[in-house]
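I am opening a notebook on a structure that is new to me. The entries below follow the order in which I looked things up.

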Amino acid sequence: MTNQERKDFYMNRNIKLIPSYLALTWDVLFVWTISIMFFTNQKGLTYSQTIVLDSILMIMGCVMCLFLSKAFQNVSPLTASKIANFGYAAYLLLCIFGTSFITFVVAQFFLAFAYSLKSVKDNLILTESLTLVKRDKEYERVYGKGLSYYYILEAIGAIVITYVYDWNAYAAYWISLAIVGFATLYSFLIKNPTKFQQTNIKIDPKQETVTNKIKKTDGYFKILASGFVMSMMIYTFFFRGVISVDSSLFKIYLQDMIDLNVLPLWSFGYIYAGARICVALSSKYQFKYNLKFGVRSLLLFNVAMIGSYALNGILFLVMPTNYLTIILIVVVSYIQISLRIPNQIFINNYIQTCVPKKNIEKVYAIRTTFEYLGYALMTLICSGLLTKFNNNYGIVNVVYISIFAVPLIISMIFFIRLLCKRYAQKYTIIKKEYTED
């Protein structure tokens with residue numbers, strides 16, 4: 001088999017395997033459905049403390065992200081992903097055996113390590129595989145498919161884990177730990193694109209010198225000096241930050257309904273599973289927004305998000321506590337929770353197509369830092385609002401979105417303006433032949 005044939009065979013196999021690997025490792029599977037119940041009922045934390053833990057996680061992620069990008073610069077993306085899996089394992093073990101708030105803070109450190117490393121490196125496994133066989137235009141479709149698989153697993157897990165939790169509160173964490181182990185073994189089926197690219201290739205010394213000069217990346221300050229990149233980072237800061245508490249507030253609302261005996265415990269899993277199915281569908285078919293609306297999709301996402309927070313708050317405050325109100329709030333929450341992933345894939349696509357390839361890894365690191373900063377700030381504010389308004393779901397939603405609606409819209413307008421001016425016509429509409437699955 002020639003080098004070209006080996007490259008085509010292994011990279012095409014990678015593209016088939018990576019969606020499943022993403023599904024197993026994009027996040028810690030199964031535990032998030034019952035995480036708030038677990039920490040409040042089993043570990044004695046308050047609602048506010050559980051959200052503070054999320055904020056601590058993102059603050060740690062901000063601190064680590066650029067450092068890990070530099071420290072693992074010469075480590076292949078696939079190897080870095082395997083190392084990140086050990087961060088997931090350490091987090092789960094500390095949650096199982098931890099007894100104090102400080103222990104759970106340490107657990108967040110390991111989770112932040114895994115998140116930061118994967119956010120920078122995992123995308124490169126896919127993009128490098130696609131590039132080697134000239135299938136770059138399929139990024140959105142393949143990445144979206146992987147995330148849809150993840151959310152389908154989460155939906156199934158949400159139903160199963162609710163019953164498992166009722167039997168044994170710690171079982172979900174042990175199951176998740178087993179999945180992390182299986183995913184690490186599964187990763188050995190994926191061929192390292194970087195290592196393969198260097199196999200059996202003779203490089204002329206003079207050409208190698210020229211190539212190294214071309215591939216030298218720009219510094220972080222030079223990258224951020226680009227108005228387009230900076231506008232993208234500010235937008236991701238606000239969007240990711242504002243939407244960061246969607247699932248937490250939704251789970252708090254459902255838990256309140258269970259505590260008030262309005263809903264039975266078993267219903268929690270089914271309702272939350274519905275949310276994950278919605279996210280799975282929005283992940284798989286996000287490219288259809290791009291086909292129909294192009295860059296205007298971002299406007300649609302932001303208007304829907306602001307409206308969903310406001311509507312949920314008003315419904316809770318105005319409507320009586322009955323099944324009709326619950327159904328309305330659940331439907332609106334489903335729409336809200338379905339917005340984050342399409343927006344994230346759109347941003348990833350803009351990075352792939354609008355940023356020089358030599359700078360892509362650094363731009364991922366910068367984007368993750370801005371997202372984590374937004375996540376940390378907004379969750380801290382939400383935690384404070386929950387404490388101030390005595391966990392009143394309605395008031396917290398209304399006040400929260402009132403604070404951030406204007407800066408979110410302004411940041412979106414500036415980003416869309418630069419995107420349209422420099423890139424939209426050429427890059428943001430996907431040709432139909434690239435969307436065939």
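**Salt bridges**

I began with R367 and E371, which sit 4 residues apart in helix α18, so about one helical turn separates them. The model I am reading is predicted. R367 and E371 form a salt bridge, and their closest N and O atoms are 3.9 Å apart. I looked up the burial of this pair and found both R367 and E371 buried.

How many salt bridges does a search of the whole structure find? The search finds 2. I then turned to E154 and R276, whose side chains meet in a salt bridge with an N to O distance of 3.7 Å. This pair links distant parts of the chain, with E154 in helix α6 and R276 in helix α13, 122 residues apart. Both E154 and R276 are buried.

**K362**

I stayed with helix α18, which covers residues 360-388 and contains K362. Is K362 buried or exposed? I noted K362 as buried, because its relative accessible area is 16% and the cut-off for buried is under 20%. Leaving out residues up to four places away in sequence, K362 touches T217, D218, G219, Y220 and I223. I also looked up K362 against I156: their C-alpha atoms are separated by 35 Å, and the two residues are 206 apart along the chain.

**Nonpolar patch**

I156 came up again in a nonpolar patch on the surface, together with Y149, I152, V160, I277, L281 and Y285. The patch has about 600 Å² of accessible area in total. Two elements give two or more residues to the patch: α6 (139-167) and α13 (265-284). Which element gives the most to the patch? I found that α6 does, with 4 residues. Y285 lies in the loop between α13 and α14 (287-293).

**Nonpolar core**

Next I looked inside. The largest nonpolar core has 148 residues. Those with the most contacts inside this core are Y91, Y173, F250, L298, Y350, Y400 and F415. Helix α5 (residues 101-132) gives the most to the core, with 14 residues. In soluble globular proteins, nonpolar side chains tend to be buried together. I looked up the contacts of Y91, setting aside neighbours within four places in sequence: V28, W32, F39, A107, Q108, F110 and L111.

**Positive phi**

I noted F30, which is not a glycine but has a positive phi of about 80 degrees. F30 lies in the loop between α1 (3-25) and α2 (35-42), and F30 is buried at 14% relative accessible area. N261, also not a glycine, has a positive phi of about 65 degrees. I placed N261 in the loop between α12 (246-259) and α13. N261 is exposed, with a relative accessible area of 68%.

**Confidence**

I ended with pLDDT. The mean for the protein chain is 83, and 90% of its residues reach 70 or more. Where does pLDDT stay under 50? I found residues 198-214, for which the model has 7 contacts beyond four places in sequence. I also found residues 427-437, for which the model has 26 such contacts.

Technical notes. Residues are numbered from 1 along each chain as its sequence is written. Side-chain values use heavy atoms; hydrogens and water are left out. Buried means under 20% relative accessible area, exposed over 50%, partly exposed in between (1.4 Å probe, protein chains only). Contact means heavy atoms within 4.5 Å. Patches are made of residues with over 30% relative accessible area and no salt bridge: like charges are joined within 9 Å, nonpolar side chains (Val, Leu, Ile, Met, Phe, Trp, Tyr) within 5 Å. Accessible areas come from the Shrake-Rupley method with a 1.4 Å probe; for residues, only the protein chains shown count as cover. A salt bridge is a side-chain nitrogen of Lys or Arg within 4 Å of a carboxyl oxygen of Asp or Glu. A nonpolar core is a set of buried Ala, Val, Leu, Ile, Met, Phe, Trp, Tyr and Cys residues joined through side-chain atoms within 4.5 Å. pLDDT is the predictor's confidence in each residue, from 0 to 100.
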